[in-house]
Amino acid sequence: MYLRPIETLLVEDNEGDVLLTREAFSEGKLAINLNVVNNGEDALAFLRRQGAYADAPRADVVLLDLNLPKLSGNEVLAAIRADPALRVTPVVILTSSDAHEDILKSYGLRANCYITKPVGLKEFETVVRSIEGFWFTIVRLPSRLSDFHAELP
Amino acid sequence: MSDDDYLSSTFTALGGHVTNRLPVFLVESSLTSESHKNLFLVLRFIARLASGVVTAFGMLVLLGGWAMDIERLRVVFPGFPSMVPNTALCFILCGLALRLCGDDLRRGWAVRIRVALAGIVVVIGFLSLVENVLLWDFHIDQLLFLDTASMGYSPGRMSVIAAINFLLAGSALIAGEGRRIWIGQIFVLIIFVLGLLNAVSYAYGVRAFAGLATYTVLALHTSVSFLVFSVGYLFVRPTQGVLVAVTSDSPGGIMARRLVPAAVLVPVILGGAWLKGQELGWYEGAFAFSGFVLSSLVIFNGLIWWNARLLYDLEGSRREVERALRESEERLRKINEELETRVAERTAALQRSNQELEQFAYVASHDLQEPLRMVANYTQLLAKRYQGKLDAKADTFIEYAVDGATRMQTLIKDLLSLSRVGSRGAEFAPTDVGKAVRQALDNLQMSIAESHARIDCGPFPTLMADGAQLVQLFQNLIGNAIKYRTDRPPAVRVTASLNGGDWVFEVADNGIGFDPKQTDRIFMIFQRLHTRQEFSGTGIGLAVCKKIVERHGGRIWADSKPGVGSTFSFTIPDRLLTKNQNTNDVLTLSEV
């Protein structure tokens, strides 16, 4: 269990989905700080701590929608992977598309996993629980390595 | 311009072309062929007349001249040579045989009689010739009548030229049939020339035949009869042999018909005229001859010029017609091209709008899902968070909202799959149907387990198909078989059999069945036989099945007995079988 809350960046333009995700995470037991941006440009600005996001925390995991205004999800993903400071950040694609070409393209751009938003509340909650249980609990996150080192001395 | 306007104007243009141009040409040619038919009728009539005349002359001379001893009938003019009895007999035979020559008289008996008559003529002609040349006497000359008045050395004997002519005439009458007709016609032309020589001599006033002319001596009516006979023989079959070139509808035929009578008559008349002038003492023999040559020259050149002029005009109008024909062909070609371009444009537009429609259906159902997901999720969230916290009515309202949203989601999902059949279909590839059925059963695992269904399958062939769509097809049909079940556990049998060039697949169940009268309705989109309370569903599943089967070039139908079960059948053409003839490969059946 990490010491500080897990910083999650949710890139999602649909406020309904944002609220739904927030609600689902709030029902969980983990301390999760859900940061939300509504478009691709803001997502990159947040990750790079530019402009209005100069004081933003470092994101542990990015939950990325594909269908976004300004910069598409895949463009954001490509920019993350091209940026030496960001390229290790795990990116989970969370989208309503189940098109094969979208899935292949995302993995081609080295998304860490691809999840189609399920239809139905129960199913959606299951997905959020799984993200929690896997990405925030089991997985060792690159951004957390320094924390361990900091603790050791 | 609407499609109908365009089409009708195009057809008017086509029709206009037909009525304005072609018929002129057609009417002309049909007129000529009509007058041509008349020409043949006239020629055949002349031929019959000729046979009658020849027979009558022979009869007249034989019966009147010899039997009744009328001198005038034997010699025509006093002092002229007489027609001997054998000659008269031969003319009777020739005339009768000629009458039997027509194209309409090809029956066995007519031919046999003709050949028999002509045979007698040949024999008489031949014997007479031998008599004349070898100076033998077969005692045939006075067989019929005694010739007491003859001037010749052998009384009652026909002349060399008559003998030759009858030999030729008889042979022509026997041989003149089909491909050998030209032999007969040439024989007859020789007869005509020899007869003409004699007739012209008489016409020019020759009284006594001396020197070489002795051999050509014929009675006046004998030479005329030969002329009539040869004309009749030539005209009896106007469409065959050498006559074709003369009677044909071609410019050559027209020219020949104009020139031949002139070529026969002009020299004869001119010769007679110049001879008459000489007899009257206007000039001497050599001048008469040069005058004859010169006048012939002038008249024939005039005739030739006239004909050339006619042919020139004919050719001109022919070229005019050809040009018009080419022009109209060109116009037709252009209209055709235009039409094809239009059709291509319209096809492209249609394909585009079809694609747009499918794209629209896809996008609409895809984008509709997004807000609907919101409605569904939040009503469900409402239900979850506030169930029991509001009053009972609120719970019911929420329940209805959730149910409506869920149903609409299913509807959109099904519509999406229907629009995908056409727009997202894959190319046909060799597909193991058994594998597709297995996949479908995998997808139905849950409902199979829940309902304790027993499914018997196969064997199945491999055929050209869209594998993913086959999976969907079987999944829908088997899914229905399980869904519409009675209290018994469902038993489904999936089979394939080859019928002609089609594979027939059957999905038979022991379910609730349906009224066979409803068969057509069940494949229509949104058509359902049950209320939602009885069975859930959108009424799209079988429409999807139909679309998939039709995309594969097959057809789908259903039979049922209510309460006993239903059988859904569909066909898929056996494209592999026709593609490569190796039936062993194709008929390899796979067991599920």
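Two strands are said to pair if DSSP finds at least two bridges between them, and the strands (E, at least two residues) and helices (H or I, at least four residues) named in these legends are DSSP runs, numbered from the N terminus. This is a predicted model, in which local features need pLDDT of at least 70 and side-chain atom pairs count only at pLDDT 80 or more, while totals for chains, interfaces and linings use all residues. Residues are numbered from 1 along each chain as its sequence is written, and chains are lettered from A, and ligands numbered from 1, in the order in which they are written.

**View 1. The open sheet of chain B has five strands in the order β2-β4-β5-β7-β6, with mixed pairing.** At its edges stand β2 (454–457) and β6 (556–561) of chain B, each with a single partner strand, so one side of each is left without a neighbour in the sheet. Neighbouring strands of this sheet are turned by 15° against each other on average, direction ignored, where the axes are lines fitted to C-alpha atoms, for helices over the stretch in contact, and angles run from 0 to 180 degrees between N-to-C directions. Helix α15 (residues 467–483) of chain B lies across β2, β4, β5 and β7 (565–573) of chain B and runs at about 145° to β4(B). Two residues are in contact if their C-beta atoms, placed from the backbone, lie within 7 Å.

**View 2. Antiparallel pairs can be followed from strand to strand in the sheet of chain B.** Strand β4 (residues 491–499) of chain B is joined by seven bridges to strand β5 (residues 502–508) of chain B, and the two run antiparallel; here B:T495 has B:E506 as its bridge partner in β5(B). Seven bridges also hold the antiparallel pair β5(B) and β7(B), with B:F568 in β7(B) as the bridge partner of B:V507. β6(B) and β7(B) run antiparallel and are joined by six bridges, and in this pair B:W557 stands opposite B:S569. These two strands, β6(B) and β7(B), form a hairpin with three residues between them, and B:G563 in the turn has a positive phi of about 85°. In a regular strand the side chains alternate between the two faces of the sheet.

**View 3. The largest nonpolar core has 57 residues, and B:V121 is among those that touch the most other members.** A nonpolar core is a set of buried Ala, Val, Leu, Ile, Met, Phe, Trp, Tyr and Cys residues joined through C-beta atoms within 7 Å; a residue is buried if 20 or more other C-beta atoms lie within 10 Å of its own, exposed if 12 or fewer, and partly exposed in between, with C-beta atoms placed from the backbone. The residues that touch the most other members are B:C94, B:A97, B:L98, B:V121, B:A169, B:L173 and B:F229. At least two core residues are supplied by each of α2 (22–67), α4 (85–99), α5 (108–134), α6 (160–175), α7 (181–203) and α8 (220–236) of chain B, and the largest share, 11 residues, comes from α6(B). Leaving aside neighbours within four places in sequence, B:V121 is in contact with B:C90, B:L93, B:C94, B:F166, B:A169 and B:G170. A second, separate core of 40 residues includes B:I455, B:F505, B:L542 and B:I548. In soluble globular proteins, nonpolar side chains tend to be buried together.

**View 4. The open sheet of chain A has five strands in the order β2-β1-β3-β4-β5, with parallel pairing.** Its edge strands are β2 (32–37) and β5 (113–116) of chain A, each of which pairs on one side only, and the twist averages 20° from one strand to the next. Strand β1 (residues 6–11) of chain A runs parallel to β2(A) and is joined to it by six bridges, with A:V11 standing opposite A:V37 in β2(A). Helix α1 (residues 15–26) of chain A lies across β1 and β2 of chain A, running at about 175° to β2(A).

**View 5. Where the two chains touch, 10 residues of chain B are in contact with eight residues of chain A.** Helix α11 (residues 285–386) of chain B gives the most to the side of chain B that touches chain A, with nine residues.
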